[in-house]
Structure formats: structure tokens, C-alpha cells
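Good morning, and thank you for coming.

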Amino acid sequence: MADITFRDNSVLVKTALRKALGTWFEEAAYVIESQAKQNTAVDTGQTKNAWSHTVNTSKGEALVGNPLENAVWEEYGTGEYALYGNGRKGGWTYVDKEGNGHFTHGKRPRRMLHNAFHSKKASVIRRAQEIMRSELK
């Protein structure tokens, strides 16, 4: 009977996989964040410049977001244009930073993050395949 030797490489495989996933999460989040920035309308640049991402490989997640309230309004719309129809109806007035009064029915949704994700999804998946092939040789 032939001698069979078992060699446990699971630690090496898991380490290589964690490294590959970390690389991919970071790249994917950066690509989607960059596209969200490009999709963002610019007045002062504050909303555009506030996009950021974090990666937590132990949780298996990459988060892309914007902490500014205006980003939510731009993503989902407001008033009569709110994406899910749950905005204020009938319009309202507001005063801008120069002190001028305006009447509005709301903002149309721009879907910066949603569109960034969907426009980059295929390339992010292809990049994941490339990274896994090269890292796990």
C-alpha cells in the first residue's frame, strides 16, 4: 500500500484569500466612490468631496457613502420628485445663502451612488476574478 502524506495548507490558503479579498474590496470601493464623485452635481463641491469608503475584510464588506444630508436629498430626491413618492407635496419656499427667496416643488433624484454601483458592477466583478486568479496561484 502506498504511503500518503497529508499536508494542511489551509492557513496559507486562508491568508492568501484574505489578502486577495482585501485588495479587491479596497479597489472596488475606490472605483465606486470615484464614480459617485463624478456623478455628483457641483455647486460648492462640498457634497462631491465628502464621498469616502471604508473596508472591513473581517466582516467581508466595503462601504461607500457620504455623511452630508444633501447627499441623501440628491440621491433620493425631495418633495414631489422624491423617489418613493414620500416627499412633501405642494411646494415650499426657502431662502438661499445669499438671502434670496425661492419657491420649489423639490429636487429630482440624481442617484449618484446607485448609478455609480450599477455602471461599475461588471468591471468590479471582472477585477475580482483577476485578483483571485493571480493571488491564489
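Let us begin with Tyr76, which is partly exposed because its relative accessible area, 36%, falls between the limits of 20% and 50%. Please bear in mind throughout that this is a predicted model.

Which residue pairs its ring with that of Tyr76? The partner is Tyr84; the ring centres are 6.2 Å apart and the planes stand at 35 degrees, so the pair is tilted. Tyr84 itself is exposed, since its relative accessible area is 63% and the limit for that class is over 50%.

The count of aromatic pairs comes to 2. In general, a pair of aromatic rings is described by the distance of the centres and the angle of the planes. Trp24 and Phe25 also form a tilted pair, with 5.2 Å from centre to centre and 40 degrees between the planes. Are these two residues, Trp24 and Phe25, buried or exposed? Both are buried.

One further ring deserves mention. Arg88 lies over the face of Trp92, at 4.3 Å from the ring centre.

The largest nonpolar core consists of 7 residues: Ala20, Trp24, Phe25, Ala28, Val124, Ala128 and Ile131. At least two residues of this core come from each of helix H1, residues 10-39, and helix H4, residues 112-135. H1 makes the greatest contribution, with 4 residues. There is also a second, separate core of 5 residues, among them Ile32, Ala36, Trp51 and Ala116.

Helix H1 also holds Glu27. Glu27 is partly exposed, with a relative accessible area of 30%. Neighbours within four places in sequence aside, Glu27 is in contact with Arg127 and Ile131. By contrast, Glu27 and Glu69 are 26 Å apart from C-alpha to C-alpha, with 42 residues of separation in sequence.

How do strands E1 and E2 run? Strand E1, residues 52-56, and strand E2, residues 61-65, are antiparallel and are joined by 5 bridges. Asn56 stands opposite Glu61 in E2. The hairpin of E1 and E2 has 4 residues between the strands, and in this hairpin Gly60 takes a positive phi near 70 degrees.

That concludes my presentation. Thank you for your attention.

Notes: Residues are numbered from 1 along each chain as its sequence is written. This is a predicted model: local features need pLDDT of at least 70, side-chain atom pairs count only at pLDDT 80 or more; totals for chains, interfaces and linings use all residues. Side-chain values use heavy atoms; hydrogens and water are left out. A nonpolar core is a set of buried Ala, Val, Leu, Ile, Met, Phe, Trp, Tyr and Cys residues joined through side-chain atoms within 4.5 Å. Buried means under 20% relative accessible area, exposed over 50%, partly exposed in between (1.4 Å probe, protein chains only). Two strands pair if DSSP finds at least two bridges between them. Contact means heavy atoms within 4.5 Å. Rings of Phe, Tyr and Trp (its six-membered ring) pair if their centres lie within 6.5 Å; planes under 30 degrees apart count as stacked, over 60 as edge-to-face and the rest as tilted. A charge sits over a ring if NZ of Lys or CZ of Arg is within 6 Å of the ring centre and within 35 degrees of the ring normal.
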